Amino acid sequence: MTTTAQTALPTTPVYAQGKHLAELIFLETMATIEVGHAMRAKLKFEGGALVAGGISYALERPPRVVAFGKAANRMATALDEILGGRVEAGVVVAPTEHPKTLPNFRYFRGGHPYPTTGSLEGAQAALELVSGLTPDDTVIFLVSGGGSAILAQPLDASITLGDLVELNRALVTSSLPIEQINVLRKHLSGIKGGRLAVRAHPARQLTIYISDVPDALPSMVASGPTLPDESTLDQMYELVEKHDLARHFPASIRSLLERRALPETPKPGDARFANSHHFCLLANRDAVEAAVAAAEKLGFTAKIDDGLWDADYREIVKGNLASLDALAQAHAGQAVCLVVGGEVTCPVTGLGMGGRNQAFVLHAAQQITGTHRVVLSAGTDGRDGNSPASGAIADGQTVVRARALSIDPAAYLAESDSYSFFRTLGDTLDIGFTDNNVRDLRIWLDFGG
């Protein structure tokens, strides 16, 4: 469901335009959190120093720059603009081609959600760029979501690219939340879990990151190549055993696990991080707050949900509806909007096409049938699961329309085929790759009827 032109909107939001209004809120949010805009608004180059929040880095000579993740291209371009081209050398590893390359930068196309040859080549180039530096050198790391696959380096020579793909497929199709997935990735990588920063020591280091994980877990972004790792090997082994994961892993990785042959990652307090700082450019909270502002501009009474955001999608639907009920009752007769962030978990149970956002909406659609309510859920990176859509939108008539076409929502959900369901109804949300990722956004509307 894509809108090419904004239709005239009534002064008071009405249910007849509910899906259109939800999409407008989402699109306005995406414009607000655009990466280039955020970089130029929050970073300044003044008096020979790069200022990022409360951090000021004097750049007596041009820094080296390593950018990786879904937003790598945009972040590198914006930083080069801010610094007036004062970059000694740089490496950019992104999942898409850069339309215009910058001088002194090398570009690699990494894979997502699974690593590719470009992921390995980009990681090797990054390691080489930050090797052999001195305390007078500065490295700026530009980190964004998706970096776990986009920048990949095997921990052991026995691990092949095919093994890394198999490992990542097992992890992303599991029911584990991202922070637990990344505990495993950190300890099975030669570059994650702070190991890239250790290679850059003793240079001064600044990590500017866009968070696609819970706000309190910055070292989980892209599995934390440039930050010390709070997680432990014991936690990783416990996760593997608790969820019986090893049987899904390739033989090379099973062997390392069985022999307990993995080295521990560098921890907080390690002296090699003494001259390393980090700054959060964008996070899920930025998107959620922008969505509230966009909804209020359209006439909704809007609120950020204060309940659980990261859990099984069915549990989150139930909790969101309870919050929406309370909000609607507190503002009887008014159009209200509940905004939710985070990332739900959604086990893959079939061979269809879709992702956690579309599955969330498909389940939610069955709960709001016959009401004057609308639900939207989408990924801020522009992709949901293995589908080309960002997410989907549903209202109180979605299931009614589907059944009129002899489409069974429950059957599509069981087959993990939510994309086909919403594509048939014309209710997918298609915005294309955004070169950004601050987790997901869920928008609930109630029109008081």
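Helix H16, made of residues 418–425, is mostly covered in this predicted model. Of its 8 residues, 6 are buried. These are Ser 418, Tyr 419, Ser 420, Phe 421, Phe 422 and Leu 425.

Charged side chains are the next topic. The whole structure holds 25 salt bridges. One of them joins Asp 310 to Arg 439, with the closest N and O atoms 2.8 Å apart. Asp 310 sits in the loop between strand S10 (301–304) and helix H12 (313–330), while Arg 439 sits in the loop between strand S14 (428–429) and strand S15 (440–446), so the pair ties together parts of the chain that are 129 residues apart in sequence. Are the two partners buried or exposed? Asp 310 has 29% relative accessibility and therefore counts as partly exposed. Arg 439 has 3% relative accessibility, and because buried means under 20%, Arg 439 counts as buried.

Salt bridges that share partners also build a network, which joins Lys 186, Asp 229, Glu 264 and Lys 267.

Another salt bridge is formed by Asp 286 and Lys 42, whose closest N and O atoms are 3.7 Å apart. This pair links distant parts of the chain: Asp 286 belongs to helix H11 (residues 284–297) and Lys 42 to helix H2 (residues 35–42), and the two are 244 residues apart. Asp 286 is partly exposed, at 26% relative accessibility. Lys 42 is likewise partly exposed, at 31%.

The side chains of Arg 272 and Asp 270 also meet in a salt bridge, with an N to O distance of 2.8 Å. Arg 272 has 33% relative accessibility, so this residue counts as partly exposed.

What remains is the empty space inside the model. Rolling a probe the size of a water molecule over the atoms shows where such space is left. How many cavities of 30 Å³ or more does a search of the whole structure find? The search finds 3.

The largest cavity contains about 90 Å³ of space. Its lining is made up of Pro 115, Ser 148, Ala 152, Gln 153, Leu 164, Leu 167, Asn 168, Arg 185, Leu 188, Ser 189 and Lys 192. Which element gives the most to this lining? Helix H6 (residues 161–172) does, with 3 residues. By residue type, the lining of the largest cavity has 5 nonpolar, 4 polar and 2 charged residues.

The second largest cavity has a volume of about 40 Å³. Lys 70, Pro 95, Thr 96, Asp 381, Phe 433, Asp 435 and Asn 436 line this second cavity. Here the lining divides into 3 charged, 2 polar and 2 nonpolar residues.

How values were computed. Residues numbered from 1 in each chain as written. Predicted model: local features only at pLDDT ≥ 70, side-chain atom pairs only at ≥ 80, totals over all residues. Heavy atoms only, no water. 1 Å grid on protein atoms, 1.4 Å probe; cavity = no way out; pocket = protein on both sides within 12 Å on 5 of 7 lines; lining within 4 Å. Points joined across faces, edges and corners; volume = space filled by probe spheres on them. Helix = DSSP H or I, 4+ residues; strand = E, 2+ residues; numbered from the N terminus. Nonpolar A, V, L, I, M, F, W, Y, C, P; charged D, E, K, R; others polar. Salt bridge = Lys/Arg side-chain N within 4 Å of Asp/Glu carboxyl O. Buried < 20%, exposed > 50% of the residue type's maximum accessible area, 1.4 Å probe, protein only.
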